Every structure is written in C-alpha cells, then in structure tokens.
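Subject: The structure I promised you

Hi,

Here is the structure we talked about, ready for you to open.

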Amino acid sequence: MDHEADAYRTDLMTITRFVLNEQSKYPDSRGDFTILLSNIVLGCKFVCSAVNKAGLAKLIGLAGETNIQGEEQKKLDVLSNDVFVKAFVSSGRTSVLVSEEDEEATFVESSQRGKYCVVFDPLDGSSNIDCGVSIGTIFGIYTMNHNNEPTTEDVLKPGNEMVAAGYCMYGSSCMLVLSSGTGVHGFTLDPSLGEFILTHPDIKIPTKGNIYSVNEGNAQNWDGPTTKYVERCKYPKDGSPAKSLRYVGSMVADVHRTLLYGGIFLYPADKKSPNGKLRVLYEVFPMAFLMEQAGGQAFTGKKRALDLVPEKIHERSPIFLGSYDDVEEIKALYATEEKN
Ligand code: FDP
C-alpha cells in the first residue's frame with residue numbers, strides 16, 4: 001500500500017484552508033480577505049453549476065424568453081453578474097464593484113461597506129456560451145486606502161496596486177487560479193465534495209513556449225511589430241520549429257493554456273480597434289498580474305501592462321502576455337519600430 005499517496009488523498013488542501021494558512025502568516029490580519037474569497041468561491045460554484053446545466057436547460061426547453069413557470073429566463077452572463085454582485089455586497093468586505101456587465105460602478109451602501117474593491121468579468125468569452133466551449137470568470141482586487149466616500153478613483157489605479165487576482169475556468173473541469181502576490185496556485189473543483197482542492201501549487205510558466213494564440217482573422221489590420229512577430233512564429237529565422245497556433249477565443253481558456261504550457265497570447269491593436277479589444281481593469285490587469293507572478297510578462301506594445309493607469313472603468317488596451325522570452329521578442333520588435 002502506498003501510504004504517502006494515501007495521506008495525500010486524505011489530507012485535502014481546500015482553497016479556504018490554503019487562504020487561512022496564508023492569513024496566519026500575518027498576525028494583524030482579521031480574515032477579511034478570506035471572507036471575500038469565500039464569496040468569490042460561492043459565485044464560481046454557482047456559475048459552474050449554471051454553465052453545466054445550460055445545454056440541458058436549452059434541450060428541455062427551459063431557456064429562451066420565458067421558463068415553464070412563465071418567468072423571464074435570465075441570460076447566463078446576466079445571471080452570473082447578479083450572483084457575484086450580491087455575493088460581494090453581502091460579504092460586507094467591499095466598497096466599489098466594477099463589472100463588465102454594468103456600465104456604471106456599483107458603490108456599496110455604507111452599512112455593508114468593507115476595505116476591498118473588486119473589478120470583474122462575471123462570464124468572459126460569451127460568444128462561446130452557446131456551443132459549450134470553456135468560458136470563465138476573471139477578477140482583480142484592490143484595497144481602499146481611505147475611509148471617505150468611495151469613488152471610481154478607488155479602482156482607476158495601476159494593476160501593480162492590485163492585491164490579488166484570479167480566474168475561474170468552466171471547462172472540462174472547473175478550475176480556480178489565484179494569486180495574492182505570493183505565486184500562482186490552481187484549485188480544481190471536486191464536484192462530489194463541492195470544494196476547490198489545491199491541485200496546481202506554485203504554477204510557473206515555462207520561460208519559452210511553442211504556442212502562439214491570436215485571432216489571425218484580424219491580420220490585415222495589424223501594425224508592423226505584430227505582423228512581424230506572427231510571421232516569425234510561423235517561419236522562424238533561427239531554424240527552430242514553427243510555433244503551433246491555438247485560439248479558443250475565450251480569454252480565460254487561452255490564458256490558462258498559456259500559463260500551463262507556455263507560449264504567448266496576443267490581442268493586439270489594429271486599424272479598426274486602435275486600443276485592442278480587451279478591457280484593462282478586469283481582463284488585462286488580472287491576467288497580467290497572474291503572468292508576472294508565474295514568472296512571465298505582460299506588455300501593451302508600449303509598456304509593462306501593470307503600469308498602465310486607466311482613466312475609465314471600461315477602458316481597453318492591447319495585450320501581449322505569456323512566457324518571459326516570447327514576450328521579450330515582441331518587446332524588441334516594438335522597441336525597434338519606435339527607434340525608426
Ligand atoms: P467574447 O467576445 O466572446 O466575450 O473580451 C471578451 C472575449 O470574448 C475574450 O474572452 C476573448 O479572448 C476575446 O473576446 C475574443 O475576441 P475575438 O472574437 O475578437 O477573437
């Protein structure tokens with residue numbers, strides 16, 4: 001009998017236990033982050049269950065305009081947003097919420113306020129919902145550094161001021177990947193226990209990868225450095241093998257694969273979208289935070305992504321993120337262009 005393997009199987013490191021262990025390293029900590037995180041976990045479990053049932057609901061006729069009770073059926077992304085907003089507000093640990101689904105920021109009323117601000121995309125990759133392809137939730141967390149009335153200024157801060165970030169991927173398994181500034185850790189939902197279990201401790205991205213991930217349908221509108229970079233992925237000059245192309249079209253799935261296998265994910269600027277497509281606060285920053293914590297890099301075409309200072313809550317930015325060496329290459333191409 002393999003006692004060591006058995007001990008591993010019976011000594012489960014749940015996400016709550018993991019965060020409580022981390023918390024115990026800070027004697028002044030009052031458990032606020034643990035409480036906030038447990039509400040994020042609740043939201044993720046709810047969305048995971050709803051996503052799993054989505055196809056079935058359609059099949060048996062529950063989806064559409066109204067359900068069998070004659071009530072209006074909410075779309076999955078709207079439903080996910082409602083669940084997360086309510087979980088954050090009721091946690092009593094948040095003051096400002098910015099969601100991809102809501103045009104304006106939500107300011108929590110004073111009786112329920114707490115020290116955190118959360119920026120999030122409750123269900124990212126919406127074009128993949130109806131065909132059952134992986135989608136996800138992305139979140140980033142800031143702390144309030146004053147006791148005055150909260151404003152949007154509390155979240156219009158560079159990504160390097162985030163205290164934690166993560167995503168949950170609803171795929172063949174449901175996985176929550178989290179960093180609170182001490183490395184990146186992955187937890188997989190055990191559906192029979194209803195618990196996220198630490199399965200990927202201290203994730204490090206390979207220094208160089210052999211996959212590039214981009215929507216090549218936009219190639220005719222790319223700028224010089226992006227065009228040159230992708231050309232090099234396909235026709236390397238140094239005799240190395242060409243990189244493989246993988247593109248799901250769900251940021252969480254594409255970034256998750258990049259984190260585990262290495263390589264680069266690009267959503268560049270193009271002539272039609274000079275600021276790219278992805279949103280700074282709840283797509284670019286959290287993923288850039290995770291990449292750096294895992295030993296990779298995230299670059300906008302001009303600067304380190306986490307050094308951007310957003311002026312609007314739904315601002316967009318081009319993004320190149322992934323393995324350290326691969327991002328170095330695209331940085332060099334932009335630097336050369338700037339000189340010419
Ligand atoms: P979606 O439009 O399906 O919601 O920002 C949203 C996002 O998906 C990302 O998840 C994804 O990486 C990107 O857009 C895909 O954009 P393209 O369809 O333009 O490739």
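Some housekeeping before that. This is a predicted model, so local features need pLDDT of at least 70 and side-chain atom pairs count only at pLDDT 80 or more, while totals for chains, interfaces and linings use all residues. Residues are numbered from 1 along each chain as its sequence is written, and side-chain values use heavy atoms, with hydrogens and water left out.

**The cores**

In soluble globular proteins, nonpolar side chains tend to be buried together. By nonpolar core I mean a set of buried Ala, Val, Leu, Ile, Met, Phe, Trp, Tyr and Cys residues joined through side-chain atoms within 4.5 Å. Buried is under 20% relative accessible area, exposed is over 50%, and partly exposed is in between (1.4 Å probe, protein chains only).

The largest nonpolar core has 45 residues, and the members that touch the most others are Val155, Leu281, Phe285, Met287 and Ile319. Helix α7 (residues 280–293) gives this core its largest share, 10 residues. Helices (H or I, at least four residues) and strands (E, at least two) are DSSP runs, numbered from the N terminus. There is also a second, separate core of 38 residues, with Ile15, Cys48, Phe84 and Leu123 among its members.

Who does Met287 touch, not counting residues up to four places away in sequence? The list is Ile138, Tyr167, Met251, Val252, Val255 and Leu321. Contact here means heavy atoms within 4.5 Å.

Two of those names, Met251 and Val252, are buried residues of α6, as are Ala253, Asp254 and Val255. Helix α6 (residues 251–261) has nine of its 11 residues buried, so it is largely enclosed by the rest of the structure. Leu260 is also found in this helix, but it counts as partly exposed because its relative accessibility is 30%. Leaving out residues up to four places away in sequence, Leu260 touches His200, Ile203 and Pro206. Just after α6 comes Gly262, with a positive phi of about 90°.

**The ligand**

Now to the ligand: 13 residues surround it, and the closest are Asp124, Ser127, Tyr247, Tyr267 and Lys277. A residue is counted here if one of its heavy atoms lies within 4 Å. Sorted by class, that shell has four nonpolar, six polar and three charged residues. For this count, Ala, Val, Leu, Ile, Met, Phe, Trp, Tyr, Cys and Pro are nonpolar, Asp, Glu, Lys and Arg are charged, and the others, Gly among them, are polar.

Tyr267 has a polar side-chain atom 2.6 Å from a ligand oxygen. For Lys277 the distance from a polar side-chain atom to an oxygen of the ligand is 2.8 Å, and for Glu283 it is 2.8 Å. The protein covers 81% of the 460 Å² of accessible area that the ligand has on its own (Shrake-Rupley method with a 1.4 Å probe; for residues, only the protein chains shown count as cover).

**Some single residues**

Is Arg279 buried or exposed? It is buried, because its relative accessible area is 19%. Arg279 sits in the loop between β11 (264–267) and α7. Its side chain reaches the backbone oxygen of His314 at 2.9 Å. A polar contact is a pair of N or O atoms within 3.5 Å; within protein, one must be able to donate a hydrogen and the other to accept it, and residues adjacent in sequence count only if both atoms are side-chain atoms. Leaving aside neighbours within four places in sequence, Arg279 is in contact with Val284, His314, Glu315 and Arg316.

His314 turns up again with Asp102, which is in contact with Asn81, Val85 and His314, leaving aside neighbours within four places in sequence. Asp102 lies in the loop between β1 (94–99) and β2.

Asp32 is in helix α3 (residues 32–59) and counts as buried, at 11% relative accessibility. Not counting residues up to four places away in sequence, Asp32 touches Arg93, Lys115 and Tyr116.

Last, have a look at Asp202: its phi is near 45°, a positive value in a residue other than glycine. You'll find Asp202 in the loop between β8 (195–200) and β9 (211–213).

Cheers
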